[in-house]
There are 2 protein chains.
Amino acid sequence: MKNVVLAADLGGTNLRMAAVAGDGSLSTVCKKPTPQNATPDALMCLIDSMAIECAPDRSVLRAVAFTAPAPVAKDFDGVLKKLPNLPSLVGMNLKTELENLFDLPVTIENDATAAGIGENWLGASRGVKNSICVTLGTGIGGGIIINGEPIRGKDGIGGEIGHICVEPDGHPCGCGSHGCIEQYASATAIVRMAREAGMRAESAKDVYAAFKNGDERADSVFRAMGRYLGITLAGLANTLNPEMLVICGGVTQGWDAFAAHVEAEISIRAYPAAAARAKLVKGELGDNAGIAGAARSALLSTT
Amino acid sequence: MKNVVLAADLGGTNLRMAAVAGDGSLSTVCKKPTPQNATPDALMCLIDSMAIECAPDRSVLRAVAFTAPAPVAKDFDGVLKKLPNLPSLVGMNLKTELENLFDLPVTIENDATAAGIGENWLGASRGVKNSICVTLGTGIGGGIIINGEPIRGKDGIGGEIGHICVEPDGHPCGCGSHGCIEQYASATAIVRMAREAGMRAESAKDVYAAFKNGDERADSVFRAMGRYLGITLAGLANTLNPEMLVICGGVTQGWDAFAAHVEAEISIRAYPAAAARAKLVKGELGDNAGIAGAARSALLSTT
């Protein structure tokens, strides 16, 4: 049986692709900027050219696996609907286009759910039955694994923990609510809070650099960010009582600035047994978590 | 095969018991006050006498099923550990005592999880694969069903949604945290908020009676309570994307005072598709939800 999947992670900034074997080995990881305002045709051309690089011999492929930055329900038909970061692709049937291009089975998984599946397959939470993977980037995504199975929810919205409220009258959020954790613990939020504290920061990296230089305002930003993230994770620890909380995404580069504050808040807030059980760890797969998870979903659902 | 279970719901106030058949029919429901500061022996005497009433012919019984107001993990050994409302029973091995008394298989389920299972078997959420059952009483408990299976968590803490934070610097909670939803939407919280608003209320019923008489302070209390409950449920709707949110417990007697505020808050806060999917309903089994759920667990796990 063929056991290589061509897997790709379609993000607002980059399209990443690799050939993934059944044992989890990734070969020839390619990365290209996602063309801005690209037509579906332009995207498919890019995918085709990257596939030539990642899988020169398509006869070994069993399936094509993509992530999408959108809800993916169990009965997802492949049509991309809400894509805040890729509006020009709305209405495209990604599944059909990929099937036509490759003449192979195609599976699509939500990006944050895929990251959770990937870390559970090959990364920080491997061997763990119940885990929550939080991706801290421009926004916040989540991938929840319970009894070894991802929680997708009836409409594919399961795992959208970025919009759990942590301040009832807090900062407005792009989702239409306000006070969502995404407004307090994403890279975007870190920059906003730093500016509110009088810092000149262009990115979360700048704030972290200031922290490393002993800037107390940067320390306060990461304290606040860690506290809010801890509040959210404490609630999830009580609700789902998982063995592991995996933090992924670019913001983890500032791990030493915030992780201890997250842990402290969880131990104050969650039931002692739930807090003790939920080990807080950094993701191990970095930017490859989504590719790995997409591949895993395809390997499990195709033959 | 025998298909009758002797099921009981052990609460801080009452012990309720019934014989439950495999088709879900409950016969001879008995209720007695849970003896305060009772020894384990006194409790077992009471259980024995109630069982004579509920199941005069024990030869038809397949199993004995209890709820406990405590975390129940998958590998629960039967020893009651933390029981804030029944401290005199701490250390008792309920499972072994019941096995010795009845000489039958014994299963134990957390009370709020049992209520969720019961409503899913015979009540408001029957036929629904993903549902969250919230019990609003003296405290707040939760029972989460995902893909037809209860979420118990590694240590049996799964479903403890009463201690999700809704106000980071809010009212202190018995759990050690502060600002938990239990401090804003339980019967206890309704009384506290009413008193803070200058009302003389002894119970949540008093506050509801005042609401029915047009008291604007009572209306404000239920508005606040409904808003906070909506914030929590919106987060859970985004996290788990269930088809149904079932509200149980004594506080549901005031349904018309708060339910619309809960729904309004969910529709403001949750993803539109998640909010539209999560139907908010009142539990249908009343005080029998726990008995029904305990019986269901026993029927599924014993033969």
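Two strands count as paired if DSSP finds at least two bridges between them. This definition will be needed at the last stop of the tour through this predicted model.

**First stop: chain A.** Select chain A and display its secondary structure; ten helices and ten strands are there. Along its principal axes, the C-alpha trace spans about 55 × 40 × 35 Å. A compact globule of 303 residues would have a radius of gyration near 19 Å, and chain A agrees, with 19 Å. Of the 303 residues in chain A, 56% are buried. Among the contacts in chain A with a separation of 6 or more, 66% join residues 24 or more positions apart.

**Second stop: both chains.** Now show chain B beside chain A. Two copies of a chain are related by a rotation about an axis and a shift along it. Here a rotation of 180° with 0.0 Å of shift along the axis places chain B on chain A, with an RMSD of 0.0 Å. The two copies are therefore related as by a two-fold rotation axis. Next, select the interface residues of chain B: 100% of them are also interface residues in chain A, so the copies meet through the same surface.

Which residue in strand 10 of chain B is the bridge partner of Ile247(B)? Select residues 244-248 of chain B, strand 9, which pairs with strand 10 of chain B in the parallel sense over four bridges. The bridge partner of Ile247(B) there is Lys282(B).

Conventions
Residues are numbered from 1 along each chain as its sequence is written. Chains are lettered from A and ligands numbered from 1 in the order in which they are written. This is a predicted model: local features need pLDDT of at least 70, side-chain atom pairs count only at pLDDT 80 or more; totals for chains, interfaces and linings use all residues. Copies are superposed by least squares on the C-alpha atoms of residues with pLDDT of at least 70 in both. Two residues are in contact if their C-beta atoms, placed from the backbone, lie within 7 Å. Helices (H or I, at least four residues) and strands (E, at least two) are DSSP runs, numbered from the N terminus. The radius of gyration is taken over C-alpha atoms; the globule rule is 2.2 Å times the number of residues to the power 0.38. A residue is buried if 20 or more other C-beta atoms lie within 10 Å of its own, exposed if 12 or fewer, and partly exposed in between; C-beta atoms are placed from the backbone.
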